[in-house]
Amino acid sequence: MTSSTTDDTVPSRLTSASWWFRAADGRLTLWQPPNPALCVWIVALVLGRFDLSAAHETAAEGVQHGALIVWALDEVVRGSSPFRRVLGAVVLAAQLTSLVVG
Amino acid sequence: MPPARERRLSGIAGARALRWGALALCVRPAYVLTEFLVAAATEGGYSFLSDSVSRLGEVGCAADYCSPRHALMNGSFMVFGVLLAVGAVLLARTLGPWATALLVVSGLSSVATGVAPLDRDATLHAIAAAPLFVAQPIALIVLGARLRKDRPRLAGALLAAGVVTATAAVLFVLSGDGPASGALERLALWPVLVAVAAVGFAATRLPSDSTGTSPT
């Protein structure tokens with residue numbers, strides 16, 4: 001026989017920091033080492049700070065957008081905690097908006 | 001169709017795809033020849049050390065420089081890009097989803113580079129080529145990590161090639177029109193041709209669902 005507790009209800013889960021920040025296996029997943037997409041974004045961000053030609057500067061900006069979109073999609077689809085998925089969705093929305101608005 | 005016959009036909013189709021995919025990747029080092037063929041016909045002087053590969057594909061001619069075989073160069077960007085994308089798709093079960101996707105992106109980027117010559121629109125050309133310089137080194141590193149158990153020596157070479165090409169790509173962007181920009185660009189591109197060809201050759205001897213773990 002199974003029984004449900006009040007902890008499993010949606011309102012109590014939404015107010016639970018543990019539910020937001022912990023992965024299914026109980027690990028705290030607020031911060032993890034950068035994955036490849038985030039590494040590319042960081043490198044492109046640093047490259048963009050240098051004195052580049054106009055074409056290379058535009059390409060570096062494009063790579064920054066692309067890398068963040070890939071990272072955000074990865075987080076939305078495979079994020080290890082609800083916080084990471086929400087963060088991915090926010091970053092994805094921000095990147096798409098900045099691309100559309102320019 | 002009986003299940004046994006269906007499995008056998010599926011296996012034959014898989015083996016055929018593996019062979020064609022491996023062939024597509026193994027012929028790609030020939031791309032280097034096209035660079036030499038095109039450079040040999042340039043007028044006004046072309047340096048492999050200081051001039052970018054993209055200059056070979058410039059459509060227009062100036063008083064001090066012309067690349068009469070630009071169509072061959074731009075065509076080779078497209079043909080060898082298609083070979084990379086198609087080869088990666090055909091070897092997807094061996095390469096894994098991440099490396100396959102990265103190599104397909106690289107192949108499409110190469111095709112786009114051939115469509116957008118440098119002297120027509122430098123910014124569009126840079127945007128078209130950027131994924132190639134980003135995705136290829138990562139693909140090599142991903143492949144190296146994936147094959148480290150089954151093919152440790154190849155995996156080590158792939159990881160080293162990935163690090164070298166990534167570093168060269170960053171330095172190429174930083175160098176701008178510097179005296180070594182052509183050499184840096186080629187250091188970012190040429191090793192990938194050999195490394196991916198080696199993967200294509202090895203793919204015919206690897207388990208099709210290689211995940212980096214030895215079969216039990």
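**Entry 1: the model.** I note at the outset that this is a predicted model.

**Entry 2: extent of the interface.** I looked up which residues take part and found 13 from chain A and 12 from chain B in the contact. The area buried between the two chains is about 1,100 Å². Carbon and sulfur atoms give 87% of that area.

Entry 3: I searched the interface of chain B and chain A for salt bridges and the count was zero.

**Entry 4: elements on the side of chain B.** I found that α6 (122–146) and α7 (152–175) of chain B each supply at least two residues of the side that touches chain A. Helix α6(B) gives the most, with seven residues. By class, I listed 11 nonpolar residues, one polar residue and no charged residues on this side.

**Entry 5: helix α5 of chain B.** I traced α5(B) over residues 97–115, which are 19 residues. Its C-alpha span from first to last is 27 Å, close to the 27 Å expected at 1.5 Å a residue. Among its buried residues I noted L102(B), L103(B), S106(B), G107(B) and T113(B). I then asked what covers the buried residues of α5(B). The cover includes α3 (70–90), α4 (92–95), α6 and α8 (181–203) of chain B.

Definitions and conventions
Residues numbered from 1 in each chain as written. Chains lettered and ligands numbered in written order. Predicted model: local features only at pLDDT ≥ 70, side-chain atom pairs only at ≥ 80, totals over all residues. Heavy atoms only, no water. Contact = heavy atoms within 4.5 Å. Buried area = accessible area lost by both parts, 1.4 Å probe. Salt bridge = Lys/Arg side-chain N within 4 Å of Asp/Glu carboxyl O. Helix = DSSP H or I, 4+ residues; strand = E, 2+ residues; numbered from the N terminus. Nonpolar A, V, L, I, M, F, W, Y, C, P; charged D, E, K, R; others polar. Expected span 1.5 Å × (residues − 1). Buried < 20%, exposed > 50% of the residue type's maximum accessible area, 1.4 Å probe, protein only.
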